[in-house]
Amino acid sequence: MKVVILAGGYGTRIGEETHIRPKPLIEIGEMPIICHIMSHYSRYGYNDFIICLGYKGYMIKEYFAHYFLHHSDVTFDFRNDNQVHYHQHKTDPWKVTLIDTGKDTATGGRVKQIQKYIGNEPFMLTYGDGVSNVDIAKLVEFHRAHKKLATITSTQPPGRFGALDLTENGAVSGFREKPKGDGGWINAGFFVMEPGVFDYISGNDTVLEKEPLEALARTSQLMAYKHTGFWHPMDTLRDKNYLEELWRSGKAEWSHEP
């Protein structure tokens with residue numbers, strides 16, 4: 001099963017970083033976040049990736065063009081026509097297909113454009129800016145069991161602020177640092193989709209999270225896999241710094257073996 005990664009957005013809310021590089025190349029622990037995401041899928045045996053490019057997509061192409069070189073020990077022999085000899089390498093067993101889906105194309109339009117690379121097979125889909133420890137094996141098992149066209153992973157994000165429990169006279173009876181939200185479930189990405197989903201996408205201007213998912217829900221073709229573990233997007237510089245701190249402290253739950 002191929003894994004499609006949406007990596008073409010502008011990332012305007014983290015503009016301090018994205019004015020010089022695309023958001024998926026922002027590093028957490030000296031490794032681009034897109035590689036953290038790919039490594040997560042790879043741990044479950046999924047190594048065939050299709051990356052939908054847009055804003056500064058050429059930089060993502062250049063990154064993967066030099067990926068093998070940068071993760072290998074190498075000898076450049078200038079005495080013999082600049083022969084290159086690769087020695088021990090530390091690369092992952094990935095096949096990476098990079099598709100330019102347009103600078104201003106909406107998320108659904110990007111998915112529609114890679115249909116010919118998917119064929120008539122189910123596929124997985126996620127965003128290039130969020131990490132999680134979602135169990136991919138259980139997600140796929142859930143999808144195959146319900147036999148609908150699409151599965152969306154849902155999660156309950158933590159609150160942005162600490163919560164106080166107050167008595168009537170104003171005394172603080174309890175404090176909870178960043179508790180779960182109001183009980184609502186949100187889209188965490190990490191989709192599994194059947195090729196029939198392409199029929200719900202009309203063109204480049206189609207936003208996946210609007211008409212296609214709404215139509216799938218109306219026709220009872222969309223199921224939610226509930227994830228209660230770690231999930232965090234990298235929307236802002238604050239998010240980036242938080243993920244970096246988790247990585248440095250050895251608490252990066254998304255990087256643990258399943």
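Biologist: In which strand does His-232 lie?

Modeller: His-232 belongs to strand E16, residues 231–233. Strands (E, at least two residues) and helices (H or I, at least four) are DSSP runs, numbered from the N terminus. This is a predicted model, in which local features need pLDDT of at least 70 and side-chain atom pairs count only at pLDDT 80 or more, while totals for chains, interfaces and linings use all residues. Residues are numbered from 1 along each chain as its sequence is written, and side-chain values use heavy atoms, with hydrogens and water left out.

Biologist: Is His-232 buried or exposed, and which residues does His-232 touch?

Modeller: Buried means under 20% relative accessible area, exposed over 50%, and partly exposed in between, with a 1.4 Å probe and protein chains only. His-232 has a relative accessible area of 12%, so it is buried. Contact means heavy atoms within 4.5 Å. Leaving out residues up to four places away in sequence, His-232 touches Gly-130, Val-131, Asp-239, Tyr-242 and Leu-243.

Biologist: What does Leu-243 touch?

Modeller: With residues up to four places away in sequence again not counted, the contacts of Leu-243 include His-232, Val-131, Phe-230 and Trp-254.

Biologist: How do I read a nonpolar core, and which residues touch the most other members of the largest one?

Modeller: In soluble globular proteins, nonpolar side chains tend to be buried together. A nonpolar core is a set of buried Ala, Val, Leu, Ile, Met, Phe, Trp, Tyr and Cys residues joined through side-chain atoms within 4.5 Å. The largest here has 39 residues, and Tyr-41, Ile-136 and Leu-243 touch the most other members. At least two residues of this core come from each of E1, H2, E4, H3, helix H7 (136–146) and helix H9 (237–248). H2 supplies the largest share, six residues. There is also a second, separate core of 21 residues, with Val-4, Ile-99, Met-193 and Leu-208 among them.

Biologist: How do I read the buried side of a helix, and which residues of H3 are buried?

Modeller: An α-helix has 3.6 residues a turn, so residues three or four places apart point the same way. In helix H3, residues 57–65, the buried ones are Gly-57, Ile-60, Tyr-63 and Phe-64. They lie on the same side of H3 because they cover an arc of only 115° around the axis, the arc being that of the directions from the helix axis to the C-beta atoms. The elements they pack against include strand E1 (2–7), helix H2 (33–42) and strand E4 (48–53).

Biologist: Where is a positive phi found, as in Lys-56 and Lys-147?

Modeller: Most residues other than glycine have a negative phi, and most peptide bonds are trans. Lys-56 is not a glycine, yet its phi is positive, about 50°; Lys-56 sits in the loop between E4 and H3. Lys-147 has a positive phi near 60° and is found in the loop between H7 and strand E10 (150–155). Lys-147 is exposed, at 71% relative accessible area.

Biologist: Which residues does Ile-152 touch?

Modeller: Ile-152 is part of strand E10 and counts as buried, at 12% relative accessibility. Not counting residues up to four places away in sequence, the residues that Ile-152 touches include Asn-187, Phe-190, Leu-213 and Tyr-225.

Biologist: What share of the protein is buried?

Modeller: Buried residues make up 43% of the 258 residues. Of the contacts with a separation of 6 or more, 72% are between residues 24 or more positions apart.
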